[in-house]
Amino acid sequence: MKKFLALFTATGMYSGYLRPFSGTWGTIPAWLIGYYLIQGDTTLMIAVTIIAFILSVWSAGEAEKYFGHDGKSIVMDEWAGMFVTFLFLPFSLLSYGIAFFAFRLFDVVKIAPAAQFENLPGGWGVTMDDIAAGVYANIFTQADRKSTRLNSSHTDISRMPSSA
């Protein structure tokens, strides 16, 4: 039973078995949960993020016995990272869409110290690089949102009423 629960959780309800790009496939269920079920509820998002983090460290550590360190089928770490990315974002399809692509980019690129986190033992190493990617993606999405809002707040001079 422990093996079943660990593998079911670590593979993101088996989404980690999809190929190619198991990390991207594994992130999609987390995005769907965030967008359609949590729907911007900050308290619920914080709770889900903490639970996903704990489950990721545990299940990834257990699943490594079968898949090796950070095996491609282990995607619960993507869930935890995606939920970190969603924290404190405004609830909109645009924000969540940008967040998804930003998270996938930062998860693949692994800007320091994300790459170094992979060297942590067991499930910690599997999970922490995705938490770092989630933090980077969150900052990027927040900054992009604020930049876009500032740029769109300027009045288009050509549409101003004439004073004739």
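H4 is followed by Phe88, whose phi is positive, near 65°. The model is predicted, so local features need pLDDT of at least 70 and side-chain atom pairs count only at pLDDT 80 or more, while totals for chains, interfaces and linings use all residues. Residues are numbered from 1 along each chain as its sequence is written, and side-chain values use heavy atoms, with hydrogens and water left out. Helices (H or I, at least four residues) are DSSP runs, numbered from the N terminus.

**Burial of H4**

- H4 is mostly covered, with 11 of its 11 residues buried (under 20% relative accessible area, with exposed over 50% and partly exposed in between, for a 1.4 Å probe and protein chains only).
- The buried residues of H4 include Asp77, Glu78, Trp79, Gly81 and Thr85.

**Packing of H3 and H4**

- Two packed helices are described by the angle between their axes and the distance between the axes.
- Helix H3 (residues 42-67) packs on helix H4 (residues 76-86) at an angle of about 155°, and their axes are 8 Å apart.
- Axes here are lines fitted to C-alpha atoms, for helices over the stretch in contact, and angles run from 0 to 180 degrees between N-to-C directions.
- H3 and H4 are therefore roughly antiparallel to each other (angles over 145 degrees; under 35 is roughly parallel, 65 to 115 roughly perpendicular and the rest oblique).
- The crossing of H3 past H4 is left-handed, meaning that the near helix is turned anticlockwise from the far one by less than a right angle.
- On the H3 side, Met45, Val48, Thr49, Ala52, Phe53, Leu55, Ser56 and Ser59 meet Met76, Asp77, Ala80, Phe83, Val84 and Phe86 of H4, where contact means heavy atoms within 4.5 Å.
- By class, this contact of H3 with H4 has 10 nonpolar, three polar and one charged residues (Ala, Val, Leu, Ile, Met, Phe, Trp, Tyr, Cys and Pro count as nonpolar, Asp, Glu, Lys and Arg as charged, and the others, Gly among them, as polar).

- Ser59, in helix H3, is buried with a relative accessible area of 0%.
- Not counting residues up to four places away in sequence, Ser59 touches Ala6, Thr9, Ala10 and Met76.
- Gly122 is found in helix H7 (residues 122-152) and is partly exposed, at 27% relative accessible area.
- With residues up to four places away in sequence left out, Gly122 touches Gly61, Glu64 and His69.
- The C-alpha atoms of Gly122 and Glu64 are separated by 7.3 Å, although these residues are 58 residues apart along the chain.

**Aromatic pairs**

- The count comes to 15 aromatic pairs, where rings of Phe, Tyr and Trp (its six-membered ring) pair if their centres lie within 6.5 Å, and planes under 30 degrees apart count as stacked, over 60 as edge-to-face and the rest as tilted.
- The ring centres of Phe4 and Phe8 are 5.7 Å apart and their planes are at 20°, so the pair is stacked.
- Phe4 and Phe8 are four residues apart in helix H1 (residues 2-10), and are therefore separated by about one helical turn.
- Phe4 is partly exposed at 42% relative accessibility, and Phe8 is partly exposed at 27%.
- The rings of Phe91 and Tyr96 have centres 5.4 Å apart and planes at 85°, so this pair is edge-to-face.
- Phe91 is partly exposed, with a relative accessible area of 38%, whereas Tyr96 is buried at 0%.
- One aromatic cluster is formed by Trp31, Tyr35, Tyr36, Phe86, Phe91 and Tyr96.

Definitions and conventions
Helix = DSSP H or I, 4+ residues; strand = E, 2+ residues; numbered from the N terminus.
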